[in-house]
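This report accompanies the structure displayed here. Please keep the sequence and the view at hand while reading.

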Amino acid sequence: MIQMKIPGRETLNLEILILDFNGTLALDGKMFESVKDCLIRLSKSLQIHILTSDTYGTVERQCKGLPVQIKVLESMDHTTEKADYLSQFDNQEIIAIGNGANDHLMLKRAHLGIGIIGFEGASVQALLSADLVVNKIEDAFGLLIEPQRLKATLRR
């Protein structure tokens, strides 16, 4: 669990990390090498779930051996499917990270939504639904590894 008291807000008690794959953890279906080490490190304090349309058909291979649960989306409405996936958890425990238009409801529903701009750019809907926005996934992971950074960014 990541616990953090944010001045002017409630205490964050985060246990579940929900991640988009392409555009967030990967580019063109290939996971960034730096992400693998971060996922291993974060798995000591968070349950990690990857939700993906798996555009390139690579998610299983790219995540092999990592402490993550993978959900390849099956419906015709990936925006709603991603958001609905969160309903199995207490929203107060969820961090969601994504960049695409199909991530916007997931980011909005999570207790802490982080938008990634990255190499693909980011959907305006995703950015407007996020609590904060960073340039790349490593920056988002840095906020979770060093949660005092969250305090500095989210205090009111």
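## Aromatic pairs

The model, which is predicted, holds two aromatic pairs, where rings of Phe, Tyr and Trp (its six-membered ring) pair if their centres lie within 6.5 Å, with planes under 30 degrees apart counted as stacked, over 60 as edge-to-face and the rest as tilted. One of them joins Phe 32 and Phe 119 in a tilted arrangement, 6.0 Å centre to centre and with 45° between the planes. Phe 32 belongs to the loop between β5 (30–31) and α1 (33–42) and Phe 119 to the loop between β9 and α5, so the pair ties together parts that are 87 residues apart in sequence. Helices (H or I, at least four residues) and strands (E, at least two) are DSSP runs, numbered from the N terminus.

Phe 32 is partly exposed, at 21% relative accessible area, whereas Phe 119 is exposed at 69%. Here buried means under 20% relative accessible area, exposed over 50%, and partly exposed in between (1.4 Å probe, protein chains only).

## Basis of the values

Residues are numbered from 1 along each chain as its sequence is written, and side-chain values use heavy atoms, with hydrogens and water left out. As this is a predicted model, local features need pLDDT of at least 70 and side-chain atom pairs count only at pLDDT 80 or more, while totals for chains, interfaces and linings use all residues.

## The parallel sheet

Six strands form an open sheet in the order β7-β6-β3-β8-β9-β10, with parallel pairing; two strands pair if DSSP finds at least two bridges between them. The edges are β7 and β10 (132–134), each of which pairs on one side only. On average, neighbouring strands of this sheet are turned by 20° against each other, direction ignored.

β3 and β6 run parallel and are joined by five bridges, with Leu 17 opposite Ile 48 in β6. Four bridges link β6 and β7, also in the parallel sense. Ile 50 faces Ile 70 in β7, and Leu 51 stands opposite Lys 71 in β7. Five of the six residues of β6 are buried, so this strand is largely enclosed by the rest of the structure.

## Helix α3 against the sheet

Helix α3 (residues 78–85) has six buried residues out of eight, so it is largely enclosed by the rest of the structure. The buried residues are His 78, Thr 79, Glu 81, Lys 82, Ala 83 and Tyr 85. Their cover includes β3 (16–20), β6 (47–52), β7 (69–72) and α4 (104–109), where contact means heavy atoms within 4.5 Å.

His 104 is placed in helix α4 and counts as buried, at 17% relative accessibility. Not counting residues up to four places away in sequence, His 104 touches Thr 79, Gln 125, Ala 126 and Ser 129.

## Nonpolar cores

A nonpolar core is a set of buried Ala, Val, Leu, Ile, Met, Phe, Trp, Tyr and Cys residues joined through side-chain atoms within 4.5 Å. The largest has 36 residues, and those with the most contacts inside it are Leu 17, Leu 19, Ile 97 and Phe 141. Helix α6 (residues 137–145) gives the most to this core, with five residues. Apart from this core lies another, of 13 residues, including Ile 16, Ile 18, Leu 51 and Ala 110.

Leaving aside neighbours within four places in sequence, Phe 141 is in contact with Leu 17, Leu 19, Leu 25, Val 35, Cys 38, Leu 39, Leu 42 and Ile 97. In soluble globular proteins, nonpolar side chains tend to be buried together.

## Residues in loops

Ser 123 sits in the loop between β9 (112–116) and α5 (124–129) and is buried, at 15% relative accessibility. Beyond its neighbours within four places in sequence, Ser 123 is in contact with Asn 99, Gly 100 and Ala 101. A polar atom of the Ser 123 side chain lies 3.1 Å from the backbone nitrogen of Gln 125. Between Ser 123 and Asn 135, which are 12 residues apart in sequence, the C-alpha to C-alpha distance is 13 Å.

Although not a glycine, Asp 28 has a positive phi of about 55°. Asp 28 lies in the loop between β4 (26–27) and β5 and is partly exposed, with a relative accessible area of 43%. Asp 54, likewise not a glycine, has a positive phi of about 50°. Asp 54 is found in the loop between β6 and α2 (59–62) and counts as buried at 16% relative accessibility.

Terms used:
Axes are lines fitted to C-alpha atoms, for helices over the stretch in contact, and angles run from 0 to 180 degrees between N-to-C directions. A polar contact is a pair of N or O atoms within 3.5 Å; within protein, one must be able to donate a hydrogen and the other to accept it, and residues adjacent in sequence count only if both atoms are side-chain atoms.
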